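Here is a walk through one protein model, taken in short steps. Keep the sequence and the coordinates in view as you read.

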Amino acid sequence: MTGTAPAPFTADVHRARMTRAAGTAAEAGLAGLLVAPGPDLVWLTGYAPPAETERLTLLVLAPGRDPVLVVPALEAPDAARAAGADALTLRDWTDGTDPYAITAELLDPRGTYGVSDNTWALHLLALQKALPDLSCVALTEALPMLRAVKDPAEVELLAAAAAAADAAFEEIRTMRFSGRREREVGADLAELLRRFGHSRVDFTIVGSGPNGANPHHETGDRVIEPGDMVVLDFGGLKDGYGSDTSRTVHVGEPTEEERRVHDVVRAAQQAGFEAVRPGAACQDVDRAARAVITEAGYGEYFIHRTGHGIGVTTHEPPYMIEGEEQPLVPGMCFSVEPGIYLPGRFGVRIEDIVTVTEDGGRRLNDTTRDMVLVD
């Protein structure tokens, strides 16, 4: 998260998040949570330490105890200025001392802790060496819904990020595609995202012609030609919250088959959106979108899940996929992005970020889902 300013939440918001996280950990039978630098730490405390450092920084959350942030002494002043610092006790350590011994004093030596997914193995193994009977489980496995339900302020930050991505699409569709390399169009998309307020660009997929049949092609040196279908999928972070949208454009007039495939994906995306409502299971969104594509005869060419959560990262729980029975709750935010990928020929994907409301769903992206023709 280095280089990305956390969203401007108050100390009270961060205090409430840490209290709720500790309580949720207790309900899950955990002794607490161990949170290393990354999106969980930013969301909980507002603190984004340097990403590339071998020095241990670790937030210790336990029910009924004040949160403690173990932090290198040279970074303690920055940690003390974080939005949630008033709710934290800082335990700083200097080079030459043992930060794992300091951390071990804060833990139940036989407890089971949820550990943030991006914790370095170096740190976790050293901590387990200090406490051989300590048990650890991945935070996403133990508490997959920790950040899934957004409060109204978070939803509006996601809406603003989506609006910025929409503005980038409206600009890129007016630019020339034919005769340019995919990476040139990708660079334009990245610049547009920044122009419209993104502090970080996570990806700019530009899959033209046969490259569009690879959902994660990103960009390459292929020259876009008249007659190409072009999948555009792009996003990043604005004010600490993510954007992610996909539209598929066509260079010149499409064939009847290309129009048909695009229409099927558009109908599938609509069906997935209409399946969004409180109490429905995540897998119901996937089933609704997939049924449309399967009925049209393209089921084997829809090769990924229908959606993923989004928040302070562009991909996070919940996931819209068969077997995920987690019920939808107002405030959940995720993508609905079915696609059809015909190997060696072309692909089509349409993606919106959707939030669950009290009586259904709300799209945060609002650009046309009709096929857009470009030069």
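At what angle do helix H7 and helix H8 pack, and how far apart are their axes? The model is predicted, and in it the angle is about 135°, with the axes 9 Å apart. H7 covers residues 152–172, and H8 covers residues 182–195. Angles over 145 degrees would count as roughly antiparallel, and 65 to 115 as roughly perpendicular. H7 and H8 are therefore oblique to each other. The crossing of H7 past H8 is right-handed.

Which residues meet where these helices touch? H7 brings Ala165, Ala168, Glu171 and Ile172. H8 brings Val185, Asp188, Leu189, Leu192, Leu193 and Arg195. Sorted by class, the contact of H7 with H8 has 7 nonpolar and 3 charged residues, and no polar ones.

Is Gly235 buried or exposed? Its relative accessibility is 0%, so Gly235 counts as buried; the cut-off for buried is under 20%. Gly179 is another matter: 56 residues separate it from Gly235 in sequence, and 24 Å separate the two C-alpha atoms in space.

Next come the aromatic rings. A pair of such rings is described by the distance of the centres and the angle of the planes. The count here comes to 1 aromatic pair. Phe9 and Tyr241 form it, with 6.1 Å centre to centre and 70° between the planes. That geometry is edge-to-face, since planes over 60 degrees apart fall in that group. The pair links distant parts of the chain, 232 residues apart. Phe9 sits in the segment before helix H1 (11–27), while Tyr241 belongs to strand E9 (residues 241–242). Phe9 has 11% relative accessibility and so counts as buried. Tyr241 has 2%, so Tyr241 counts as buried too.

One last stop is a loop. Where is Thr306 found? It lies in the loop between helix H10 (282–295) and strand E11 (307–309). At 0% relative accessibility, Thr306 counts as buried. What is it in contact with, leaving aside its neighbours within four places in sequence? Thr306 touches Val285, Asp286, Ala289 and Arg290, along with Met320, Ser335, Val336, Glu337 and Pro338.

Key: Residues numbered from 1 in each chain as written. Predicted model: local features only at pLDDT ≥ 70, side-chain atom pairs only at ≥ 80, totals over all residues. Heavy atoms only, no water. Axes fitted to C-alpha atoms, helices over the stretch in contact; angles between N-to-C directions. Helix = DSSP H or I, 4+ residues; strand = E, 2+ residues; numbered from the N terminus. Parallel < 35°, antiparallel > 145°, perpendicular 65-115°, else oblique. Left-handed = near helix turned anticlockwise from the far one by under 90°. Contact = heavy atoms within 4.5 Å. Nonpolar A, V, L, I, M, F, W, Y, C, P; charged D, E, K, R; others polar. Phe/Tyr/Trp six-rings, centres within 6.5 Å; stacked < 30°, edge-to-face > 60°. Buried < 20%, exposed > 50% of the residue type's maximum accessible area, 1.4 Å probe, protein only.
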